[in-house]
Amino acid sequence: MVLVLNPPLLGFLVRRAVTALVVVAALSALCFALLDLAPGSPAESILEARNGGRPPSAAEVARLERHMGLDDPLPQRYGRWVAGAVRGDFGLSYGSGRPVGEILAETAPWTALLTLVATAFSVAGAVAVGLVAAVTRRAWVRRGIETALFVLGGMPGFVTALLLLWVFAAWLRVLPSGGLARPGEPVTLGVLVPHLVLPALALAFGHHFGTYARLVETGVGRLRNAPHVANARARGLRGRTVTARHLLRPGLVPFTARLGVGVGGLMAGAYATEQIFSWPGVGRQAILAARDQDYAVLTAVVLVTGVIVIVANLLGDLAVAWLDPRVRLTGRTSDGRH
Amino acid sequence: MRKSVLVVGSIAMATGLLATACGGSGSGPAGGKSGGTFTYAIGDEPETLNPALQDEHTDPVTEMVFRGLTRHDADNKVVPGLAESWRVAENGTEYTFKLRPGLTWHDGKPLTSKDVKFTIDTVKAAGADAPLSRNFSAVRSVETPDDTTATFRLSRPFAPLLDAVSMGLLPEHALTGKKITDGGFGQAPIGAGPFRLKAFKPGQYAELEAFDRYYEGRPRLPKIVIKYVPDDSARLIQLRNGEVDGAHIQPQQVARAKSDDRIRLETYPTADYRALLFNFKNPVFADRKVRQAMNFAVDRDAVVRSVLAGQGKPATGPLDTNPFRSEPAPFRHDPARADELMKGAGYAKNAQGLWEKDGKTVRFELTTFAEDSARVAILNVAATQLRQAGFDISGTPKPRSWVRDHWGDLGAFVIGWGTPYDADSSVFGPFHSSEELDKGGSNYGSYKNAEVDKALERGRGTLDEGKRQAAYADFQKALAEDPPFVWIAYLDTNNAVPGNLTGPQRRTLGHHGYGFFWNVEKWSWS
């Protein structure tokens, strides 16, 4: 069914977009203030990096702070940053001296790709597994799935990643262990796909997969004996039609609502996954920037991550609207929120 | 080498996992096959490839792309680099360098003495931006009477100058009108070293090609790829899979790497040491006998065995691996000697088995950067040893950023310094009283000893080899009598290469992560 932008839904969208803008503005201010409160100074980090990790002297640090304008008051620095940011200029990286925008343009697409594919794996896997667990009449199948999900849910993301790496790259040697391609090899689709499999699987399985599958299971299971399903069966509809239209669609609402929120967690997981699989995305960049106190890069990465999470939440809401007529028609979410 | 918390977390995993992993046979190191390319994996990725924005220990790419007027040989002695010879005036305030004839930059432009002048002037002017500018503060001016002659005029004799000019030369034509921190040059540098940078993909790899017009002739390896693989275990997996030919590996991984007979391990000593710094603002460290006792109470061999997996050597001073080393300090694990010194200082063991004098124990907190897993391990082992020996010590790692703001409040700290070349560097700063923390220097423990000060000043102020040797011998003797640190260990560094790669030559490296490619122009496939 096509999603029609009727007035209540349009209003809902506009409200959401305005909120998103306010959130992004608040996020940037908060990020600036928090980084300002953080102990240590970026100048010290930079000099330490240029000194082979050895601590620089206090005089050197003070000189560089003056030179970089880091000793200006916070409002002045924030004002300078906002003036640039609204024109798309996020300044220069403290460490490499490159424009931050350029660094983001280089890394963000790879994180977006990884997160997208991992989400696709997550959705497909969770729906399949959850559905089987919900509709099966064999208790051992359900219990088996529940146990597996429990174990998976308790495993930290980086452990899942290393296990996958060990099985498929080190032991079976069927998939490459990291990067986009072999060095110097052009990154074509045929090269990229095998390199993408392990990090995407690690990200999907390592983050919320268990939760998603359980949400599908309970969402669908709750409806198994619902009157409308009994009615549909009584009308003589085919089993497949009943499952798809009367069980799955309404049963997926809780899962879908959670999925939009979960993308935030997935982004956080991408940071660790990228590090292990040498994936050149924003996550690795963020870890480096945090380590080196490269606040120019860090602020921009936090903002980009924030925007992605907000957009994902919005898409999640739209998907729920598509699945749940109450939202579509009244602009209210299923639990009555605006 | 600095590590993110994440990587540290996964080392523990890796040790467990890889004990069982990597069993099967496979393609193995691809050495010599793929068009002769040598692919090497390393964890740390530099933010810039500009040698003026690093210290004397540069990352492999910068090391291969750039050359300075001088360089160091296998014994860490200064030898000619881009300069074929030099002359030093009697009073030590004038250096005349003669460049090799026909030098060219990687882009084909000629390299002249103007580039020498440009490099020194630029680094000096960069001041705060380039920590290495401190090496040229004595240089008043650089003159270029002709294209191959550069004359440095100094305001005072500065013995480490020949060391300092081993820094890579910068091309004037590529940097005119730009800041030294220019991101473009930092990512696509032009040097005169043995390898030319063909491609640099941040977060992925750097691709280097042999430079045809390198002054010693075209290097024999046609191509080198440096791959950035931050996760330690992933790096070992790639090595064993043959995805890379060589890799920098951690001490704990040595045993696994050795079990593969296609891999040869290159283990080099380094000048990079770890020690426990005393903060002299704490009166508990006032008595030198107490500090000597601690130097006899720690079991350095146990630290090397456990924390460094045997990849290191016990340390007794800052110049143990330096050409200027003299008689080593007598420090070794000797509990009886430690007890004797403590009794001599007026201490007696209390009911808890802790040394006590006038109702006070030798109480202090030992800390270090929580992000550095190796330092934290040293902290734990050393704190346990010293506590068992009767010192009232507690060990608490703190975040790097916290430590940076609290140098003056620390009790003791697991510190790392290293002096591979001239004895002045990374020694004057940490131990001379003019460099005390409160004066803005890098003497973080505010150590002060008149004999040490005098010896260091003598060492830096004369060019006479004999006098310098004597000055640094006096320095080491004074340091042993009045120890500023509890010396722990020098780190070894391990690099895995394919068995058919010849040329890597053992040398005492300045840093445990960098320096392996120092003679790369001589490497080849056998």
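A: Happy to. Helices (H or I, at least four residues) and strands (E, at least two) are DSSP runs, numbered from the N terminus. This is a predicted model, where local features need pLDDT of at least 70 and side-chain atom pairs count only at pLDDT 80 or more, while totals for chains, interfaces and linings use all residues. Residues are numbered from 1 along each chain as its sequence is written, with chains lettered from A and ligands numbered from 1 in the order in which they are written.

Q: OK, at what angle do H5(A) and H9(A) cross?

A: Helix H5 (residues 100-135) and helix H9 (residues 209-223), both of chain A, cross at roughly 45 degrees, and their axes come within 7 Å. That makes H5(A) oblique to H9(A); angles under 35 degrees count as roughly parallel, over 145 as roughly antiparallel, 65 to 115 as roughly perpendicular and the rest as oblique. The crossing is right-handed, which is the case if the near helix is turned clockwise from the far one by less than a right angle, and left-handed if anticlockwise.

Q: Which residues in H5(A) and H9(A) meet there?

A: Among them, A:Gly125, A:Ala126, A:Val129 and A:Ala133 of H5(A) and A:Tyr212, A:Ala213, A:Val216 and A:Val220 of H9(A). Contact here needs C-beta atoms, placed from the backbone, within 7 Å.

Q: How many helices and strands does chain A have?

A: There are 15 helices and zero strands. The C-alpha trace of chain A spans about 85 × 55 × 35 Å along its principal axes.

Q: Switching to chain B: how do H9(B) and H11(B) pack?

A: Helix H9 (residues 288-297) and helix H11 (residues 335-344) of chain B pack at an angle of about 165 degrees, with axes 8 Å apart. That makes H9(B) roughly antiparallel to H11(B), and their crossing is left-handed. The residues in contact include B:Val290, B:Ala293 and B:Phe296 from H9(B), and B:Ala338, B:Leu341 and B:Met342 from H11(B). Eight nonpolar, two polar and two charged residues make up this contact.

Q: And where does chain B touch chain A?

A: In total, 60 residues of chain B are in contact with 51 residues of chain A. Elements giving two or more residues to the chain B side include helix H1 (5-20), helix H7 (232-241) and strand S19 (412-418). That side has 22 nonpolar, 25 polar and 13 charged residues.

Q: Is H7(B) enclosed or open?

A: Enclosed: ten of its ten residues are buried, so H7(B) is largely enclosed by the rest of the structure. The buried residues include two arginines in the list, B:Arg235 and B:Arg240. Just after H7(B), B:Gly242 takes a positive phi of about 85 degrees.

Q: What about S20(B), which strands does it pair with?

A: Strand S20 (residues 485-498) of chain B is mostly covered, with 14 of its 14 residues buried. Twelve bridges join it to strand S12 (residues 263-278), running antiparallel; two strands pair if DSSP finds at least two bridges between them. Strand S11 (residues 246-249) also pairs antiparallel with S20(B), over three bridges, with B:His248 opposite B:Asn495. Strand S13 (residues 312-314) is joined to S20(B) by three bridges, again antiparallel, and B:Pro314 has B:Ala489 as its bridge partner.

Q: Last one: where does B:Met167 lie?

A: B:Met167 lies in the loop between helix H4 (161-164) and helix H5 (172-175) of chain B. B:Met167 is buried, with 25 other C-beta atoms within 10 Å. Not counting residues up to four places away in sequence, B:Met167 touches B:Pro51, B:Ala52, B:Gly68 and B:Leu132. B:Asp55 is 112 residues away from B:Met167 in sequence, yet 8.5 Å apart from it in space, C-alpha to C-alpha.

Terms used
Contact = placed C-beta atoms within 7 Å. Nonpolar A, V, L, I, M, F, W, Y, C, P; charged D, E, K, R; others polar. Buried ≥ 20, exposed ≤ 12 C-beta atoms within 10 Å, placed from the backbone. Axes fitted to C-alpha atoms, helices over the stretch in contact; angles between N-to-C directions.
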